[in-house]
Amino acid sequence: MENLVQQLINGISLGSIYALIALGYTMVYGVIKLINFAHGDIYMVGAYLGYALIQNVGLGLFPAILISMIFCAILGVVIEKIAYKPLRGATRVATLITAIGVSYLLQNVMIYIMGPEVKAFPTALVVRNWTFGGVTINSQQILIFLTTVILMIALQVIVKYTKMGKAMRAVSTDPEAAQLMGINVDNVISFTFVLGSSLAGAAGVLVGIYYNSISPLMGVTPGLKAFVAAVFGGIGIIPGAMVGGYAIGIIETLVSAYGGSMFKDAVVYLILIIILIVKPSGIFGKNTKEKV
């Protein structure tokens, strides 16, 4: 029983990172119906920027997270303006291929700048352990969980209670009607990329702390798993991305702990296949009918 509780705690820490990345996927899809496969590499850029700020500049952890969020937010807007906006009226296949192209571009630019080797993330937090009845919780896990919760609450406040959040919901429901009501759709889409990319930047620094290593290809697998989490909860639905992220993190940790570390990734993708077969709209999603 103690081992199960320990693995649940570990799964919540990992799931917090997946949830932050999944929120970016689900917000962009909810507003413009685009699956931004470059999102995982924005998270990778955030990890490297956090690494540089802590290792070379000597900043503390929280300033590094904040600056990484700001930089990734700007990067997300630049990508949206240059790569996605010209294709807004194009087919989904064209935008999907563009997103994959942007993903490989970011990976190779980072390889050129920082090199292809894995780098050890600097120690930015004194790790302390607390044991309660055989269950151990460390300061890294608490930091990751609290940071994720704070960012998720801030996101919910923005989406639910601000003018821009209401505009985002309007554009998500009907962009043409929103434009007729005086909403600047371009600004809303850019703001969506700002929010999603900033969360990815924070996740990048947190994963550097969690795994103590970063690499130019680190965004590929977690990015795909975060996409699975978004689909699991219902892509386009913010609470669904949160629940999906934690669910995937806990499932992956439990599979690894009980003898399945060699095929833990396969289990995650198997979940995606099952969800698409049984309930394609996800846990919180609703099936919608389209007129032909």
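Which residue forms a salt bridge with Asp 186, and how far apart are the closest N and O atoms? I looked this up first.

**Entry: basis.** I worked on a predicted model, in which local features need pLDDT of at least 70, side-chain atom pairs count only at pLDDT 80 or more, and totals for chains, interfaces and linings use all residues. Residues are numbered from 1 along each chain as its sequence is written, and side-chain values use heavy atoms, with hydrogens and water left out.

**Entry: salt bridges.** I found that Asp 186 pairs with Arg 88, the closest N and O atoms being 2.4 Å apart. Asp 186 lies in helix α8 (residues 185–211) and Arg 88 in the loop between α3 (61–84) and α4 (92–114), so this pair ties together parts that are 98 residues apart in sequence. I counted seven salt bridges (a side-chain nitrogen of Lys or Arg within 4 Å of a carboxyl oxygen of Asp or Glu). Helices (H or I, at least four residues) and strands (E, at least two) are DSSP runs, numbered from the N terminus.

**Entry: α5 and α8.** I noted that the axes of α5 and α8 come within 10 Å and cross at roughly 175 degrees (lines fitted to C-alpha atoms, for helices over the stretch in contact, with angles from 0 to 180 degrees between N-to-C directions). The two helices α5 and α8 are therefore roughly antiparallel (angles over 145 degrees; under 35 is roughly parallel, 65 to 115 roughly perpendicular, the rest oblique). In the contact (heavy atoms within 4.5 Å), α5 residues including Leu 143, Leu 151 and Ile 158 meet α8 residues including Phe 191, Leu 199 and Tyr 210. By class, I recorded 12 nonpolar, three polar and no charged residues there (Ala, Val, Leu, Ile, Met, Phe, Trp, Tyr, Cys and Pro count as nonpolar, Asp, Glu, Lys and Arg as charged, the others, Gly among them, as polar).

**Entry: α1 and α6.** Helix α1 (residues 2–32) and helix α6 (residues 163–173) have axes that come within 6 Å and cross at roughly 60 degrees. That makes α1 oblique to α6. Met 27, Gly 30 and Val 31 of α1 make the contact with Met 168, Val 171 and Ser 172 of α6.
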